[in-house]
Amino acid sequence: MRSTFRQETQAVHERAIADLKHKRLREYSAVGSKSPEFRLKDHDGKSVSSSDLLAKGRLVLCFIRGRWCPFCVAQIEAMNLILPEIEQAAQVSRPFSPQTVQQSFFMRDQHKLRFSLLSDAGNQVARQFGLTYRVPDEQRAVYQRAL
């Protein structure tokens, strides 16, 4: 698959990922570890709990920054394209974002998504998974150029 991002931009992200791996951030969410319980609102403002989702079967979680992030939008659009394959692996898939319920609604509508988006205000669930980090200055500059 050919990348739609410039080589310099990809290199910035690769360095940030390597730094996160070096700091062992991914160990917070090791395969087989127990998921923290949560209750969040979806794009329509409906309350959704992890126990309700897990009662339906296996669950795929995806954490994104929000609709302002071109990389996250690309990821969500890709998930939308392969949704049948995702649903073969799990009964439920839910992307999380710290954006507001309203922004999640706009994102779902704008990109014609076939799945719900959950609003993780303040990244509370992402923090429980150990997935939050301060964006390095070099990477922040890439995001600011994209705005």
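**Figure 1. Helix H7 is the place where glutamine 139 is found.** The model shown is predicted, so local features are described where pLDDT is at least 70 and side-chain atom pairs count only at pLDDT 80 or more, whereas totals for chains, interfaces and linings use all residues. Residues are numbered from 1 along each chain as its sequence is written, and side-chain values use heavy atoms, with hydrogens and water left out. Helices (H or I, at least four residues) and strands (E, at least two) are DSSP runs numbered from the N terminus. Glutamine 139 has a relative accessible area of 4% and is therefore buried; buried means under 20% relative accessible area, exposed means over 50%, and partly exposed lies in between, with a 1.4 Å probe and protein chains only. Its side chain makes a polar contact of 2.8 Å with the side chain of histidine 13. A polar contact is a pair of N or O atoms within 3.5 Å; within protein, one atom must be able to donate a hydrogen and the other to accept it, and residues adjacent in sequence count only if both atoms are side-chain atoms. Leaving aside residues up to four places away in sequence, glutamine 139 touches Val12, His13, Ala16, Arg65 and Tyr133, where contact means heavy atoms within 4.5 Å.

Figure 2. Valine 73 is buried, at a relative accessible area of 14%. Although valine 73 and methionine 107 are 34 residues apart along the chain, their C-alpha atoms are separated by 8.6 Å. With the same exclusion of residues up to four places away in sequence, methionine 107 touches Ile64, Gly66, Arg67, Val73, Ile76, Gln99, Leu113 and Leu117.

**Figure 3. The largest nonpolar core has 18 residues.** A nonpolar core is a set of buried Ala, Val, Leu, Ile, Met, Phe, Trp, Tyr and Cys residues joined through side-chain atoms within 4.5 Å. The residues with the most contacts inside this core are Ile64, Ile76, Met79, Met107, Leu113, Phe115 and Leu117. At least two of its residues come from each of helix H3 (70–81), helix H4 (83–89) and helix H7 (137–146). Helix H3 gives the most, with five residues. Another core lies apart from this one and has nine residues, among them Phe38, Leu53, Val92 and Val125. In soluble globular proteins, nonpolar side chains tend to be buried together.

**Figure 4. Four aromatic pairs are present in the structure.** Rings of Phe, Tyr and Trp (its six-membered ring) pair if their centres lie within 6.5 Å; planes under 30 degrees apart count as stacked, over 60 as edge-to-face and the rest as tilted. The rings of phenylalanine 38 and phenylalanine 96 form an edge-to-face pair, because their planes stand at 75°, with the centres 5.1 Å apart. Phenylalanine 38 lies in the loop between helix H1 (7–22) and strand E1 (39–42), and phenylalanine 96 lies in strand E4 (residues 92–97), so this pair ties together parts that are 58 residues apart in sequence. Phenylalanine 38 is buried at a relative accessible area of 7%, and phenylalanine 96 is buried at 1%. The rings of phenylalanine 105 and phenylalanine 106 are also edge-to-face, because their planes lie at 65°, with centres 6.2 Å apart. Phenylalanine 105 is partly exposed at 37% relative accessibility, as is phenylalanine 106 at 33%. Ring pairs also join Phe38, Phe63, Phe96 and Phe129 into a cluster.

**Figure 5. Strand E4 is largely enclosed by the rest of the structure.** Six of the six residues of E4 are buried. Val92, Arg94 and Phe96 point one way from the strand, while Ser93, Pro95 and Ser97 point the other way. Two strands pair if DSSP finds at least two bridges between them. Strand E3 (residues 59–63) pairs with E4 in the parallel sense over five bridges, and within this pairing valine 92 of E4 is the bridge partner of leucine 59. Strand E5 (residues 118–119) also pairs with E4 in the parallel sense, over two bridges; serine 119 in E5 is the bridge partner of serine 97.

**Figure 6. The protein chain has seven helices and five strands.** Along the sequence, these elements follow the pattern α-β-β-α-β-α-α-β-α-β-α-α. Of the 147 residues, 36% count as buried. Among contacts with a separation of 6 or more, 68% join residues 24 or more positions apart.
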